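Welcome, and please bring the model up in your viewer. We will go from one selection to the next, with a short note at each stop.

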Amino acid sequence: MTEDKDIITVMRLLQFTDSTFPVGTFSFSNGLETASFEKIVTDAGSLEAFARSQARQAAFSDGVAALHAHRAFLKGDYEACREIDNYLIMFKMNAEARLMIKRMGKKLAELAVRLFDNDLISRWLADIKSDDTPGTYPVAQGLVFAAAGIGEKDLFCSHQYGIVNMVLSAALRCVKVSHYDTQLILETLANEVPALYDEASQMEPKDMNAFYPELDILASLHEKGNMRMFMN
């Protein structure tokens, strides 16, 4: 029975981490579109540096929020889930980032109520629809992964994979790189995830930080720019 449970947990992890999981990740580039247009990211080397910056920024902001939401779910502390949700949305400096995490978060919540018979998740979706909570994607990830019986280390791994893969998938459409380049970058950055988890897992919400101003500048340029292959 234990082995069967482990298999189901792995299957759920693969399902939620799959790039085709229907939450809309393909619509976003995490600022890469503007970085490519402005000739900041032009090849595999600059793409790796960009993806690493995105991964680190996400680890110490969205990643921390996801971990605390996961822990709050396991404690049945719904108010703590809402608190970290509101904290995270205020943490986002640009409008497109707020749009991205709210749109993906709502979609994940809508999927989750169909997958799990869970009162907390149902309440979460109801509060999103009534605008009583923003419904950010990292917090939704924390709740859903906890409901699925997936541990917080695997949650963090999935979160990091999602951020990096979003950038690398977009790169194949707007940067002169190959699949070989993107897979090598993914392998390189995967080796850095354990250290990021060790640090992020010890952080409180008040410790969240994301000081990568170049990324926010690119996001602000995209909001007013003409590059519209992606929504951010």
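Start by selecting Leu108, which touches Phe21, Val23, Tyr137, Ala140, Gln141 and Val144, leaving aside residues up to four places away in sequence; contact here means heavy atoms within 4.5 Å. A word on what you are viewing: this is a predicted model, in which local features need pLDDT of at least 70 and side-chain atom pairs count only at pLDDT 80 or more, while totals for chains, interfaces and linings use all residues. Residues are numbered from 1 along each chain as its sequence is written, and side-chain values use heavy atoms, with hydrogens and water left out.

Now widen the selection to the largest nonpolar core, which has 48 residues. Such a core is a set of buried Ala, Val, Leu, Ile, Met, Phe, Trp, Tyr and Cys residues joined through side-chain atoms within 4.5 Å; buried means under 20% relative accessible area, exposed over 50% and partly exposed in between, with a 1.4 Å probe and protein chains only. Leu108 is among the residues with the most contacts inside this core, together with Phe16, Trp124, Val139, Leu143 and Phe156. Elements that give two or more residues to the core include α1 (2-17), α6 (95-115), α8 (137-147) and α9 (152-174). The helices are DSSP runs (H or I, at least four residues), as strands are (E, at least two), numbered from the N terminus. Apart from this core lies another, of 18 residues, among them Ala35, Val167, Leu186 and Leu189.

Next, pick Phe16 and Phe145. What is the angle between their planes? They form a tilted aromatic pair, with 50 degrees between the planes and 5.5 Å centre to centre. Rings of Phe, Tyr and Trp (its six-membered ring) pair if their centres lie within 6.5 Å; planes under 30 degrees apart count as stacked, over 60 as edge-to-face and the rest as tilted. Phe16 is buried at 5% relative accessibility, and Phe145 is buried at 2%.

Move on to Thr136, in the loop between α7 and α8. Thr136 is buried, at 0% relative accessibility. Its side chain makes a polar contact with that of Asp85 at 2.6 Å; such a contact is a pair of N or O atoms within 3.5 Å, where within protein one must be able to donate a hydrogen and the other to accept it, and residues adjacent in sequence count only if both atoms are side-chain atoms.

Finish at Gly31, in the loop between α1 and α2 (32-37). Gly31 is buried, at 9% relative accessible area, and its C-alpha atom is 9.3 Å from that of Ala97.
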